[in-house]
Amino acid sequence: MPRQDRRSVDQLAPVPAAPSPPDPGDLPRQLPSREALNSLLQQEFPGAPGELSPIRGGRKAAEMRLSKVDPARYARSRNHLDGLVTGLSPYIRHGVLSLAEVRDAVFRRIRHRDEGGKLINELGWRDFWQRMWLELGDAIAEDQEEYKTGHPASSYSNALPQDVRDGCTGLACMDGFREQLVTTGWLHNHARMWLAAYVVHWRRVHWRAGADWFLEHLLDGDPASNHLSWQWVASCFSHKPYFFNRDNLERYSNGRYCRSCSCADRCPLEGSYDALESQLFAVSQPVRAVPARSKGKSKRKR
Amino acid sequence: MDLTNPVVWVHEEALGPANPALQDHPKAPALFVFDQAWIEAQNISRKRLGFLYECALELPLTLRKGDVVQEVLAFAKRHGADGVVTSGPVDPRLNRYATRINRELPLWILDGDPFVELPRPPRLGRFSRYWREAEPLVWEGFRG
């Protein structure tokens with residue numbers, strides 16, 4: 001298969017329509033509404049669960065999102081669930097926007113490098129995961145390294161617990177994240193990390209079960225970003241497991257879940273990092289021996 | 001040897017106007033296939049299919065569902081094509097399809113603009129290693 005080098009394209013010309021004579025097996029292009037699309041998909045893919053996401057696909061929606069990107073505010077607020085994150089991931093994952101286009105849009109919108117550093121860094125993560133996938137191929141679905149939790153890999157369940165899948169764990173945060181995942185197909189990165197850490201460390205589930213569940217739903221579901229991030233949480237692709245506590249979740253979610261949680265007075269996520277560490281892991285050396293970035297924040301946040 | 005009458009295969013990593021195959025062959029018939037084996041094996045939800053559908057509708061594509069390789073080859077035959085052009089996939093599943101298509105018809109793979117061009121393959125394994133090499137090069141494009 002020849003691979004050709006191409007000239008770089010500075011201006012993306014609109015692609016002219018090149019209709020092809022219809023064939024009975026072609027899927028329709030003329031759909032009067034999203035309801036019609038929903039019905040069509042129900043008919044053509046009866047096994048695919050759920051409904052449409054409120055998040056629309058397509059270049060127009062992507063450009064609308066891109067026009068709202070504010071790199072400096074992103075940098076300041078990105079760790080908060082209410083922060084000004086871009087929501088570009090589904091469009092980047094499917095090439096609706098290329099990473100190069102988004103990079104250039106960020107450059108055009110900042111005066112100083114400091115304003116765009118965080119966002120450019122996140123685009124770098126996307127590029128990194130893709131390079132890892134090219135290097136590892138299907139092996140991204142296997143443990144990259146041993147767990148550093150003190151627990152053998154065999155002690156992690158291969159099945160996602162039904163209460164997690166159904167959103168009835170009783171924890172308002174985790175059930176809320178599940179609801180958003182299943183209805184919209186998108187989750188804030190911090191919520192992904194909390195949910196993944198809860199599934200892997202609190203429920204002792206193998207990362208792969210959670211990662212596969214995410215891929216059923218995430219509009220940006222990219223096996224490389226997803227599987228390797230889950231492995232990063234689990235500690236199979238990092239030096240130590242990622243975990244968090246209630247204080248951390250409450251702070252970055254503005255307490256929106258804890259206020260209405262029926263488990264608020266017996267929250268399994270509550271406790272100091274030291275206490276949770278001895279509860280969750282079976283290691284002789286503290287997993288947090290590597291200096292954390294700052295007191296009170298997640299122990300590790302990429 | 002150049003292709004004189006190709007079709008374009010658009011896969012789910014390049015559903016935008018920056019797709020280099022669409023850019024270089026704007027008049028060629030182009031196809032997107034919903035990969036039924038993948039959808040069923042991974043229990044892909046309707047949300048994801050709807051998102052892909054809406055992305056595909058904004059491009060001049062014929063939409064099909066089924067076995068990707070068979071559908072691409074049938075589409076090429078339908079248009080009397082002498083080959084297939086596509087954008088470079090990352091997903092090994094898509095690369096396997098590309099290999100199978102190429103056994104039957106010449107397949108040209110075009111790469112789009114990269115995020116960063118590195119002088120040598122980076123040391124992967126940890127993001128920090130990659131970013132140490134990549135970050136200064138990414139920022140060379142910034143004219144503050």
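How far apart do the C-alpha centres of domain 1 of chain A and domain 2 of chain A lie? In this predicted model, the separation between those two centres is 23 Å. The contact between the domains draws on 21 residues from domain 1 of chain A and 25 residues from domain 2 of chain A. As for the bounds, the domain assignment of chain A places domain 1 at 53-138 and domain 2 at 153-289.

Let me turn to the interface itself. Between domain 1 of chain A and domain 2 of chain A, about 2000 Å² of area is buried. Carbon and sulfur atoms give 63% of that buried area.

Two salt bridges are counted between domain 1 of chain A and domain 2 of chain A. There is also a salt bridge to point out by name: the side chains of A:R256 and A:D82 meet at 2.5 Å, N to O.

Which helices of chain A each supply at least two residues of the side of domain 1 that touches domain 2? They are helix 4 (89-93) and helix 6 (113-136) of chain A. Helix 6 of chain A provides the largest share of that side, namely seven residues. By residue class, the side of domain 1 of chain A that touches domain 2 of chain A comprises 10 nonpolar, seven polar and four charged residues.

Thank you for your attention.

Notes. Residues numbered from 1 in each chain as written. Chains lettered and ligands numbered in written order. Predicted model: local features only at pLDDT ≥ 70, side-chain atom pairs only at ≥ 80, totals over all residues. Heavy atoms only, no water. Domains from an automatic or database assignment. Contact = heavy atoms within 4.5 Å. Buried area = accessible area lost by both parts, 1.4 Å probe. Salt bridge = Lys/Arg side-chain N within 4 Å of Asp/Glu carboxyl O. Helix = DSSP H or I, 4+ residues; strand = E, 2+ residues; numbered from the N terminus. Nonpolar A, V, L, I, M, F, W, Y, C, P; charged D, E, K, R; others polar.
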